[in-house]
Number of protein chains: 2
Amino acid sequence: MSAEPRFSQATVIGVGLIGGSIAGVIRSRGIARAVVGVGRNKENLDTAVRMGLIDRYSQDAKKGVSGSDLVILCCPVGSFEQVAREIKPYLEDQAIVTDAGSVKGGLVTRLEEIFYLKARYVPAHPIAGSERSGAEAANLKLFHGARCILTPTRNTDIKALEAVSDLWEVAGAKVERMDPFDHDRVFGMVSHLPHLAAYAMVVALTQMDGGEDAISYAAGGFKDFTRIAGSHPGMWRDICLLNSGNISDALGMYIKSLEKLRALMESGDGEALLSEFEKARVVRQRIK
Amino acid sequence: MSAEPRFSQATVIGVGLIGGSIAGVIRSRGIARAVVGVGRNKENLDTAVRMGLIDRYSQDAKKGVSGSDLVILCCPVGSFEQVAREIKPYLEDQAIVTDAGSVKGGLVTRLEEIFYLKARYVPAHPIAGSERSGAEAANLKLFHGARCILTPTRNTDIKALEAVSDLWEVAGAKVERMDPFDHDRVFGMVSHLPHLAAYAMVVALTQMDGGEDAISYAAGGFKDFTRIAGSHPGMWRDICLLNSGNISDALGMYIKSLEKLRALMESGDGEALLSEFEKARVVRQRIK
């Protein structure tokens with residue numbers, strides 16, 4: 001990537017952990033001559049300016065995208081369609097619009113329809129995050145070594161795709177491509193299902209007799225297992241609603257697997273139980 | 001605790017992570033004049049001697065307990081009853097026998113019956129461990145700040161109880177007391193259930209279409225959630241079989257909770273989903 005700015009102005013909608021971090025990368029690496037933040041929370045936006053993540057901000061997305069040839073949706077994934085419809089008339093012609101949403105699949109199709117003939121939409125999903133949130137948590141190294149999955153379709157503009165790919169590489173991410181529906185199936189299994197399962201475990205505990213008191217005895221196992229139940233509830237509601245089919249399928253398999261182990265346990269079949277645990281351990285140890 | 005050894009000889013049966021560590025504490029703090037290890041694996045026992053955790057060892061439990069006034073069962077909890085029956089005739093009269101098993105409840109009753117009129121049994125459960133195992137993983141600080149739960153009954157000898165309590169305090173643990181059946185209900189919820197759920201998650205993943213490939217995308221969530229599925233399969237088989245009633249009850253509540261979230265997701269009830277996630281987050285954040 002050349003040192004020349006690729007964009008005259010970039011707008012990041014949603015200046016939280018992800019949005020603030022990518023805004024900071026764009027600004028510090030001179031990828032755009034100016035970086036505009038869009039958000040609701042003035043205090044958070046002031047923090048982003050103070051941290052040098054953005055040059056200026058607007059609390060109105062319509063004004064914020066005006067004059068930008070790059071727009072990145074980093075707001076909650078559940079708001080993408082509404083935000084897309086709202087900003088569409090104010091976008092520069094052929095502006096590149098990309099996102100950092102955890103759900104792709106049919107949402108990509110719907111966003112392509114909204115931006116059709118107006119802007120060039122490139123769907124992206126940087127795999128990064130933490131339980132911290134807000135611009136305050138942003139840092140320029142957040143994407144170092146992380147994966148960023150682009151899910152282009154036959155409608156995706158090639159030049160726009162390359163520009164977005166370059167952007168994430170400059171941010172330090174390893175860029176990959178995947179079909180948007182494959183993406184949702186895979187992440188339904190390895191990310192969305194575990195989050196739902198962690199929430200369910202904590203919910204279950206509170207409903208068990210003496211469960212709330214038992215929490216004080218929660219050691220490593222429970223803590224690790226449910227750490228992700230501390231994640232942002234609104235974000236996970238959005239993900240569940242947008243990827244419900246895949247998550248429900250994965251959940252069905254998971255419940256079957258739980259029922260199977262339960263049956264083996266109740267029938268006292270130690271040998272079969274051991275064999276299941278050993279299989280699981282072998283698979284688990286392949287994940288570094 | 002005085003510097004005087006409380007015991008003339010201590011025998012630790014099962015010189016792994018827990019057994020090796022408590023043996024090392026006893027030896028280094030002079031709690032017994034000699035520490036004998038018992039195990040099957042000669043190489044592991046040689047390591048324990050080399051590391052100074054034990055003075056000597058025997059591969060025969062019957063010989064190993066001879067002359068000891070303190071015996072600690074640190075072998076797999078599923079072998080406790082068999083080992084207890086095997087060593088009973090060779091125990092010194094009124095020797096203190098204790099253990100480090102993760103299951104208490106009815107097992108305590110059965111062990112009390114075996115040792116009745118011969119030795120003084122004190123049930124104990126130090127809450128420590130890691131995925132590492134073997135004497136090699138032992139360290140004298142393993143129990144620093146950890147909880148050790150004693151589950152005495154009306155049959156427990158008071159002096160023996162105090163001696164075992166002192167032992168764990170010297171090891172750095174915070175000693176608590178709990179009813180053995182309460183213990184199993186609580187740990188069924190906060191420890192055994194999460195382990196089973198982690199195994200089930202990995203098993204389910206391998207059965208999903210494309211699941212094995214999806215593993216390479218497993219990020220923080222799945223990794224944290226299933227880390228404990230790398231735990232020792234034999235140990236968890238034993239725990240499941242010995243505490244199947246409580247674990248099955250907890251599992252039933254968990255499956256109900258999963259089904260509930262699934263139904264909310266499928267019906268698109270974002271508000272109710274959000275409320276469940278928020279409740280879970282509040283509870284989870286109480287665990288430090």
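Colleague: Which strands does helix α2 of chain B lie across, and at about what angle does it run to β3(B)?

Modeller: Keep in mind that this is a predicted model. To read a helix against a sheet, find the strands it lies across, then compare directions. Here α2 (residues 42-50) of chain B lies across β2 (32-38) and β3 of chain B, and the helix runs at about 160° to β3(B).

Colleague: What is the strand order in the sheet of chain B?

Modeller: In chain B you get β3-β2-β1-β4-β5-β6, an open sheet of six strands with parallel pairing. The edges are β3 (56-58) and β6 (120-122) of chain B, each of which pairs on one side only. On average, neighbouring strands of this sheet are turned by 25° against each other, direction ignored.

Colleague: How many bridges join β1 to β4 in chain B?

Modeller: Four bridges link β1 (residues 7-13) of chain B with β4 (residues 70-73) of chain B, and the two strands run parallel.

Colleague: How many residues does each chain put into the contact between A and B?

Modeller: Chain A puts in 74 residues and chain B puts in 74 residues. On the chain A side, the elements giving two or more residues include α7 (180-207), α11 (244-266) and α12 (270-285). Of the elements on that side, α7(A) gives the most, with 20 residues. By type, the chain A side divides into 45 nonpolar, 16 polar and 13 charged residues.

Colleague: And the nonpolar core: which residues have the most contacts inside the largest one?

Modeller: The general idea is that nonpolar side chains tend to be buried together in soluble globular proteins. The largest nonpolar core here has 206 residues, and Val12(A), Ala197(A), Val12(B) and Ala197(B) have the most contacts inside it.

Colleague: What is Ala197(B) in contact with, leaving aside its neighbours within four places in sequence?

Modeller: From chain A, Ala197(B) contacts Ala197(A), Met201(A), Phe225(A) and Leu258(A). From chain B, Tyr254(B) is on its contact list.

Conventions. Residues are numbered from 1 along each chain as its sequence is written. Chains are lettered from A and ligands numbered from 1 in the order in which they are written. This is a predicted model: local features need pLDDT of at least 70, side-chain atom pairs count only at pLDDT 80 or more; totals for chains, interfaces and linings use all residues. A nonpolar core is a set of buried Ala, Val, Leu, Ile, Met, Phe, Trp, Tyr and Cys residues joined through C-beta atoms within 7 Å. A residue is buried if 20 or more other C-beta atoms lie within 10 Å of its own, exposed if 12 or fewer, and partly exposed in between; C-beta atoms are placed from the backbone. Two residues are in contact if their C-beta atoms, placed from the backbone, lie within 7 Å. Ala, Val, Leu, Ile, Met, Phe, Trp, Tyr, Cys and Pro count as nonpolar, Asp, Glu, Lys and Arg as charged, and the others, Gly among them, as polar. Two strands pair if DSSP finds at least two bridges between them. Axes are lines fitted to C-alpha atoms, for helices over the stretch in contact, and angles run from 0 to 180 degrees between N-to-C directions.
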